[in-house]
Amino acid sequence: MSLVSEEFPNVVPYRAEEITIPADVTPERVPTHIVDYSGTSRPRVFHSSDSAVTEKCLYFRKTWCGGASRVPLILVGNKSDLVEHSSMETILPIMNQYSEIETCVECSAKNLKNISELFYYAQKAVLHPTGPLYCPEKKDMKPLCVKALTRIFKVSDLDNDGILNDNELNFFQRTCFNTPLEPQALEDVKNVVRKNLNDGVCDNGLTLKGFLFLHTLFIQRGRHETTWTVLRRFGYDDDLELNQDYLFPPLKVPPDCTTELNHNAYLFLQSIFDKHDKDRDCALSPEELRDLFDVFPYMPWGPDVNNTVCTNDQGWITYQGYLSQWTLTTYLDVQRCLEYLGYLGYSIIAEQESQASGITVTRDKKIDLQKKQTQRSVFRCNVFGDIGCGKSGFLQAFLGRNLMVKQKPEEHRSYYAISTTYVYGQEKYLLLHEVFPDFDYLSDADLACDIVCLVYDVSNPYSFDYCAKVFKQYFTDSKTPCMIIAAKSDLPEIKQMYGCSPLEFCRRHRMPPPQSFTCNTAAAPSRDIYTKLTTMAMYPHVSQADLTTSTFWLRASVGATVFAVLGFTMYRVLQLK
Ligand SMILES: Nc1nc2c(ncn2[C@@H]2O[C@H](COP(=O)(O)OP(=O)(O)OP(=O)(O)O)[C@@H](O)[C@H]2O)c(=O)[nH]1
Ligand SMILES: [Ca+2]
Ligand SMILES: [Ca+2]
Ligand SMILES: [Mg+2]
Ligand SMILES: [Mg+2]
């Protein structure tokens, strides 16, 4: 009542009415609801001369906080006008004992001492609790807080030299507090750190140790809202976990649409690669890779990734391979991609609203088909074939690996391979997926793709039968173009035990003729086939048409401007044997 009337009421009701302080009169700009409790039922506010405070605290904790709840408490010593000495000395040990007690304050309702302060502390205790950040007994930050701030440091260390230089500090300051730091303020901060720590400042920049020290200092001086502002800006919630809203911003992906990274996201990922490729060999050594994912709560890429994307001679993921893997994740599991970009701090560093702004949701495939054009840059090819016909070899060959290089199949095998091809000078991603040969296991995802590869083994007379069966069961009337691969063409060809020859089969079903392929080569296997597949995936209407007549190319109604380039090149790409 003293707070609202700003004077001491001589007569007080048994229990005051509930009061709401509007947001605009509070320093933290939050409306605050105050509820009075009657002292006859439970003690709430202690007389500062009360010696049994500890006991009441315990009682309090049990009845009010249920022991486990994280509702912060403020210990208030009222009627300070009646005593001459402060009771703080007796109170502080109690405060240290109970981490729920955020603040102790002495006040007097009679002379209004600390009354508005008290409610300000109450607001602060809710908005910026010290509990999760700091351990008063150890006089140090809690491990989760150190972990979060370490991640923030790493994300903000744009060149990954372990030091926040002036540029990086300014960027950090702008991102968190919307204002740049005055040059003098910047120097002052560094000087404070220098004075207290000998390795807090290095090369005129802040080290991780210095950064952590600074936050400890903020908290110790009651400025923990500064640390909270930083933590919240980087996506942390009150439990110092990354917020689900931060990690998974809403993104709508209608059916028949796919997800790709846009230019901005690729630029960001490129900068992340650059800052971790310390020896500049355009590949990530296991150590560099670990460092890159240090800001993740877990290692997202297993050893199978090395069999999914291009690697260098040492088996390390190359720049190309790194971008390919990101492309794959975005295509197959966009939620995961959003999560990963969140760990890397995409929205903060690239100054975007959320990770979702790094994603392009392509238009419905049916519209592409209708308009006979596509803006997409990732195409999916599902590879079917009987057991042992050479599917894995076909996938690995796309990564430049011949039979000799191909990794031991059982070890960290991958059913995906992704890399780039060039179609009319444009770089496109082709995603190959090896489908498990058992018919009973075919899911919708096994069937949904932009192009189908049916692989048979020229040296195995029973292998074509499987291709014919899959085709007839699933793809005869489908709009998805199909291509037959005659694998292991280095081996002597044996006549297939099937009603007609593979060539005849293709002719009957208006498919391009079987494409010979081998990965049993001395050098890297030929890439032609992958370019053809990508081209067919991009222009499905073309491959559906009758490819045997040359006039087809004139009839194919591709956009007039594209046509000049297209007509000739595409003909060559899809050239019949
Ligand atoms: N000569 C020759 N052998 C090949 C070629 N491609 C694959 N092979 C061999 O054929 C066998 C099966 O190859 P994979 O690529 O594992 O066949 P797959 O279709 O993936 O087999 P599953 O996954 O078990 O269904 C292996 O022993 C390979 O070494 C090739 O182009 N030429
Ligand atoms: Ca740096
Ligand atoms: Ca490297
Ligand atoms: Mg009362
Ligand atoms: Mg295989």
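**Figure 1. The chain as a whole, with 48% of its 577 residues counted as buried.** Welcome to a predicted model, shown here before we move in on the ligand. The chain contains 24 helices and 20 strands. Its accessible surface amounts to about 29,200 Å², and carbon and sulfur atoms account for 54% of that surface. Look, too, at how the chain meets itself: taking contacts between residues at least 6 apart in sequence, 67% link residues at least 24 apart.

**Figure 2. The shell of 18 residues around ligand 1.** Lys391, Ser392, Gly393, Lys488 and Asp490 are the residues that come nearest to the ligand.

**Figure 3. Asp490 and a nitrogen atom of ligand 1.** Here an N or O atom in the Asp490 side chain sits 2.7 Å from a nitrogen atom of the ligand. Asp490 is also among the residues that come nearest to ligand 1.

**Figure 4. Cys389 and Thr518 beside oxygen atoms of ligand 1.** Cys389 takes part through its backbone, where an N or O atom lies 3.3 Å from a ligand oxygen atom. Thr518 uses its side chain instead, placing a polar atom 3.3 Å from an oxygen atom of ligand 1. On its own, ligand 1 has 650 Å² of accessible area, and the protein covers 74% of it.

Definitions and conventions:
Residues numbered from 1 in each chain as written. Chains lettered and ligands numbered in written order. Predicted model: local features only at pLDDT ≥ 70, side-chain atom pairs only at ≥ 80, totals over all residues. Heavy atoms only, no water. Near = heavy atom within 4 Å. Polar contact = N/O pair within 3.5 Å; in protein donor to acceptor, adjacent residues only side chain to side chain. Areas by Shrake-Rupley, 256 points an atom, 1.4 Å probe, with all protein chains shown as cover. Helix = DSSP H or I, 4+ residues; strand = E, 2+ residues; numbered from the N terminus. Buried < 20%, exposed > 50% of the residue type's maximum accessible area, 1.4 Å probe, protein only. Contact = heavy atoms within 4.5 Å.
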